[in-house]
Amino acid sequence: MYSARKYITVKHTYKQKGVYKVTIKGDCDNLYGYDGDVNKGAKLSSTLVNSLWSINVPKDSTSPLKYAYGSFFGCENLRHVGYGVFHNITDCKEVPHLYDGAILSKIEPWMLYGGKKIQSISYTFENCQMLEIDPDVFKNCTLVTNAEHCFHRCDSLLSIPSGLFDSMTKLKTVNTCFTSCTRLKSVPKNLFDNCLELNDVSKCFCGGNVNGDTSYNPIMAISDFLPPLWERKPQIKNFSLYAHGCINAKNYKLAAVYGWA
């Protein structure tokens, strides 16, 4: 994993409030929404969090970013990530908290474009407020094994696109992946059909009011069929609360019978 402990703090002072276009030139392997190691409880970089609205690669330029370690973690005003920003993350293996907390209008297909070596997308889009996800966002991420908390608390999300995880044939855990996505209505029944190595699906579609999510509705809005992963038992070892709160899902009663609710 790329260490966030070695970084250079750059400060800018502006005399007047307003909207500024800032261009980063030179070597810049990674940006940090957090100052320091995000897994050590480090503090937010307040300027980045409060100010960043959009990030783009200038015309005829190449993005210098090689890693994606919490780059936009806590950027509460970030709405747009342009084409090419993460095209050069070819050596990056983890993208924890990459967009955590951003109010992205949409998860675009190029947001992890260069991530051919990514093995973990844990917490990558946690608490984002997008309405939709492009089905090709993980198209190049064929080595991913860990998707825990990936879309946790994305409570504006209305549907999951078919084929979202089709490229992830090595995926092992989706623990808490869509927990507290309380407005989510549509889930493809075949969402995990290509993910034959899954062994941990605990709380995957769990409603709120579990594990500290006290401000989220405990009842999920899912009205479709849930992926019937209980049919793979005993391969899947961890499945507690998989469908907890999905009382409107068409196969919820069956999930409950098998102890997955």
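## Close-up views of a predicted model

**View 1. The side chains of Lys117 and Asp91 meet in a salt bridge, with N and O 3.3 Å apart.** A salt bridge is a side-chain nitrogen of Lys or Arg within 4 Å of a carboxyl oxygen of Asp or Glu. The pair links distant parts of the chain: Lys117 lies in the loop between E2 and H2, Asp91 lies in the loop between E2 and H2, and 26 residues separate them. The model is predicted, so local features need pLDDT of at least 70 and side-chain atom pairs pLDDT 80 or more, whereas totals for chains, interfaces and linings use all residues. Residues are numbered from 1 along each chain as its sequence is written, and side-chain values use heavy atoms, without hydrogens and water. Lys117 has a relative accessible area of 40% and is therefore partly exposed (buried means under 20%, exposed over 50%, partly exposed in between, with a 1.4 Å probe and protein chains only). Asp91, at 46%, is partly exposed. Asp91 also lies 7.9 Å from Ile118, C-alpha to C-alpha, although the two are 27 residues apart in sequence. Ile118 is found in the loop between E2 and H2, and Ile118 is buried, with a relative accessible area of 0%.

**View 2. Glu126 forms a salt bridge with Arg153, with the closest N and O atoms 3.2 Å apart.** This pair connects distant parts of the chain: Glu126 is in the loop between E2 and H2, Arg153 is in the loop between E2 and H2, and the two are 27 residues apart. Glu126 has a relative accessible area of 5%, so this residue counts as buried. Asn127 is found in the loop between E2 and H2. The phi angle of Asn127 is near 60°, a positive value in a residue other than glycine. Asn127 has 21% relative accessibility and is therefore partly exposed.

**View 3. Lys172 and Glu197 form a salt bridge, their closest N and O atoms being 2.8 Å apart.** Here too, the pair links distant parts of the chain: Lys172 is placed in the loop between E2 and H2, Glu197 in the loop between E2 and H2, and they are 25 residues apart. The relative accessible area is 33% for Lys172, which is partly exposed. For Glu197 the value is 35%, and this residue is partly exposed. In total, the structure holds three salt bridges.

**View 4. Phe72 and Tyr99 form a stacked aromatic pair, with 5.9 Å between the centres and 20° between the planes.** Phe72 belongs to the loop between strand E1 (54-55) and strand E2 (80-81), and Tyr99 to the loop between E2 and helix H2 (252-257), so the pair links parts of the chain that are 27 residues apart. Rings of Phe, Tyr and Trp (its six-membered ring) pair if their centres lie within 6.5 Å; planes under 30 degrees apart count as stacked, over 60 as edge-to-face and the rest as tilted. Phe72 is buried, and Tyr99 is buried as well. A search of the whole structure finds 20 aromatic pairs.

**View 5. Trp230 and Tyr258 form a stacked pair, because their ring centres are 6.4 Å apart and their planes meet at 15°.** Trp230 lies in the loop between E2 and H2 and Tyr258 in the segment after H2, so the pair ties together parts that are 28 residues apart in sequence. Trp230 is buried, at 3% relative accessibility, whereas Tyr258 is partly exposed, with a relative accessible area of 41%.

**View 6. Cys206 is in no disulfide, and the nearest cysteine sulfur, that of Cys246, is 7.7 Å away.** A disulfide is a pair of cysteine sulfur atoms within 2.5 Å. The search of the whole structure finds zero disulfides. Cys206 is buried, with a relative accessible area of 0%, and Cys246 is buried at 0% relative accessibility.

**View 7. His97 has a phi angle near 55°, a positive value in a residue other than glycine.** His97 is found in the loop between E2 and H2. The relative accessible area of His97 is 10%, so this residue is buried.

**View 8. The secondary structure of the protein chain comes to two helices and two strands.** From the N terminus on, the elements run α-β-β-α. Helices (H or I, at least four residues) and strands (E, at least two) are DSSP runs, numbered from the N terminus. Of the 261 residues of the protein chain, 50% count as buried.
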